[in-house]
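Please keep the sequence and the structure at hand while reading.

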Amino acid sequence: MLASEHRTSRVAARCLSWTVALQALVANGGAWAAQQLDVRDGDTAIARISQRDQTRIRVDRARITDVLGDIYDAQRNPAGRIVLVKDDQDGEVYVRPVTQVAPGDGAAPVLPGSPPVPVKLDIKSDRGTFALLLQPMDVPGDTLILRPAGPPPIKPNAEAAARYKGAAHVRAIKALTLAMANPDLASEVPPQWLPGGGEELALWKEARFVLKARHVATGMVGEVYELINVSGQRMVIDERELFDKGVLSVALRRLVLAPGESTPVWVIRQAQAGQ
């Protein structure tokens with residue numbers, strides 16, 4: 001006997017053993033009647049599918065993200081044995097065996113009157129990757145529900161959502177500060193320059209404090225000031241002195257000013273109603 005004939009006989013025997021085992025499991029009824037299958041990430045589970053109709057496959061409390069296996073594709077895999085239709089909106093798939101399979105090197109022979117050979121698929125989902133050995137049978141199409149072992153992914157609770165919202169708020173404050181400090185980054189929040197060189201505000205007798213521009217963002221207003229040391233002494237600035245009601249952030253380019261020196265100051269406030 002030729003080596004190729006030995007290989008074909010071995011493949012046929014292996015496929016026949018799979019078919020017998022699958023038929024025995026299907027014939028037992030019980031859990032198979034409902035087509036709810038307990039699966040575990042990394043393990044292979046056995047299930048039946050309709051030989052003539054579509055079978056719907058979904059994962060309990062999860063979405064199917066991809067399917068790998070001997071899937072028919074007119075260009076890349078014309079000899080594929082399973083036709084696959086994805087429902088990306090619901091995270092489910094529909095499978096149906098191909099009626100005719102072109103035999104190839106190492107392919108299992110199709111014997112007259114015998115059911116199609118099992119097909120192995122890897123189902124990737126939010127709860128893991130599950131290997132399925134699917135046996136086409138002369139049964140109506142139904143739904144196969146995969147029930148992964150272990151609890152479903154934990155959804156973010158209110159505390160986690162609050163932490164995420166807080167982190168996003170901090171990132172927004174940092175982004176607005178950078179936009180005020182670097183005009184090249186301010187395309188989405190352009191400055192509104194005050195006329196006449198700005199508006200001088202009372203701060204300390206040793207300093208002039210001039211509002212130059214405003215940046216209006218969602219829920220926040222950024223203000224650009226110029227702080228000038230008009231005293232004859234060195235000035236050391238503590239950012240906390242510039243905080244008042246509604247101020248979210250204060251940043252300065254320089255914290256120490258010699259007489260006559262100045263520094264820009266960037267202040268972010270909570271936006272008021274109508275801003």
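What is the relative accessible area of Arg52, and is Arg52 exposed or partly exposed? Arg52 is partly exposed, with a relative accessible area of 48%, where buried stands for under 20% relative accessible area, exposed for over 50%, and partly exposed for the range in between (1.4 Å probe, protein chains only).

The model is predicted, so that local features need pLDDT of at least 70 and side-chain atom pairs count only at pLDDT 80 or more, while totals for chains, interfaces and linings use all residues. Residues are numbered from 1 along each chain as its sequence is written, and side-chain values use heavy atoms, with hydrogens and water left out.

Side chains of opposite charge can pair when their charged atoms come close.

| Salt bridge | N to O distance |
|---|---|
| Arg52 and Asp53 | 3.9 Å |
| Arg81 and Asp70 | 3.0 Å |
| Arg76 and Asp73 | 3.5 Å |

Asp53, the partner of Arg52, is partly exposed at a relative accessible area of 30%. Arg81 is likewise partly exposed, at 22% relative accessibility, and Asp70 is partly exposed at 24%. Elsewhere, salt bridges that share partners join Arg214, Glu223, Asp244 and Arg269 into one network.

Notes
Salt bridge = Lys/Arg side-chain N within 4 Å of Asp/Glu carboxyl O.
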